[in-house]
Amino acid sequence: GVPAGLDMAVTESRSDTSADSVFAAGMDMHIQDLADFTPQARFVMLDACFNGAFLQDDYIAGHYVFGDGGTVAVKANSVNTLQDIWSTELIGLLGCGVSIGNWAKELFTLESHIIGDPTYRFATSVDGVPAGLDMAVTERRSDTSYWRRLFKKTDIPDLKALSLVMLAREGALPQESLMRLLADDPDPVVRTEAYALLKKYLAPDLAEATRVALSDSYELLSRLAAAVAVKSGDRDLLPVLVKLYFDPSTPTRVYFQVRDAFDQYPAAEVLAALDRARADSPLWPEEAAYEAFRKSLDRSEQMMYSELGELGDTDIPFRKRRPIVTPQRNKCQTQPLDAMLSYLRDGTDNEMRLLIAETLGWYVYSSGKERIISFLGTQLGMESDPQVKNEIVKTLNRLSPVKY
């Protein structure tokens, strides 16, 4: 029963595996590739996971800063990095003579770090930069007159964006001004900063801002808006999402988010909207792909409601019911809210109630946010479990607009 040529087959299989491994190793930069590397770039930004994991004995950012070469500082992530964020926000400030540290302070996420000298700065490489800008970032942060003058005077997009950041921090930039800039400013960096601030401060008109940004010609801005749309569920976004779905020029990263955003709405409503638009776009997507997507929408909704039916079944161990709720940290769908809120109010499993209270804190961009806030405000006064009560307080704080 031994197949002929077995010995040769094993050898060839090992050879193929080795070739595949060499090919895969050549696709990326690995720590061992840096052994004889002498980088001369003064500043390096590594926008990937774990490149700055300084808690390890060996990590990529360390080879740049502490090895041979001229690198002074590296921005890198110590753990997994967030996707679809504006990692190069205000990066143009480095060409305006702003130090690496002062640039980094305006946009850091928890996982990102400056490894090396944050005081290093480049000579100004563009005209029209005001003298002492680097010092002003620190010492004139609350000088709204200074930043208003700079915004009006400069033609440098990143300086305009910096001015918006400083003014918004001081509460001196009305939402209406940001909405006008988002809709009308000719520079994509300024438009993107306007949207980023509307998102950061959870502006009441965020859904409308997202609708405008989704159709922007600047891919990054459209992508940032699509990531919010995935967690919104606002009805006014659905027509824009349908239009983007049928547009063959929609960028891949935007298209990926758009498909996920449809899960925010009842499948029947989405399918009706898609079928109406299909008449004007019979060739894209191809019929097989379109039909497969339609079926996936129905299937996802059925699976979601089937799982929600088990939410309160305490005969099922908590560890098996937990995955019913935890995906909503990323999805933030509005359809499960009825079941989740009802169980938080009437359920008997405090471990599940605690999980629901925590998960609701991720609904910061959701069209159901006000409903959650109202419900939790009432529940807070009735809640008897101290852990659940504490989590409700934290969730209410998370859902409130950011204030400085």
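**A loop and its surroundings**

Of the 404 residues in the protein chain, 46% are buried (under 20% relative accessible area, with exposed over 50% and partly exposed in between, using a 1.4 Å probe and protein chains only). Bear in mind that this is a predicted model, where local features need pLDDT of at least 70 and side-chain atom pairs count only at pLDDT 80 or more, while totals for chains, interfaces and linings use all residues. Residues are numbered from 1 along each chain as its sequence is written, and side-chain values use heavy atoms, leaving out hydrogens and water.

The chain has 20 helices and 3 strands (DSSP runs numbered from the N terminus: H or I of at least four residues for helices, E of at least two for strands). Its C-alpha atoms fill a box of roughly 75 × 65 × 55 Å along the principal axes.

Now the loop: threonine 250 sits between helix H11 (238-245) and helix H12 (252-261). Threonine 250 counts as buried because its relative accessible area is 11%. Its side chain reaches the backbone oxygen of leucine 244 at 2.7 Å.

For context, take another loop, the one between strand S1 (43-45) and helix H2 (60-66), where you'll find aspartate 47. With a relative accessible area of 44%, aspartate 47 is partly exposed. Aspartate 47 and alanine 76 are 29 residues apart in sequence, yet their C-alpha atoms are 6.3 Å apart in space.

Aspartate 313, in the loop between helix H14 (287-308) and helix H15 (318-325), is partly exposed as well, at 30%.

Notes:
A polar contact is a pair of N or O atoms within 3.5 Å; within protein, one must be able to donate a hydrogen and the other to accept it, and residues adjacent in sequence count only if both atoms are side-chain atoms.
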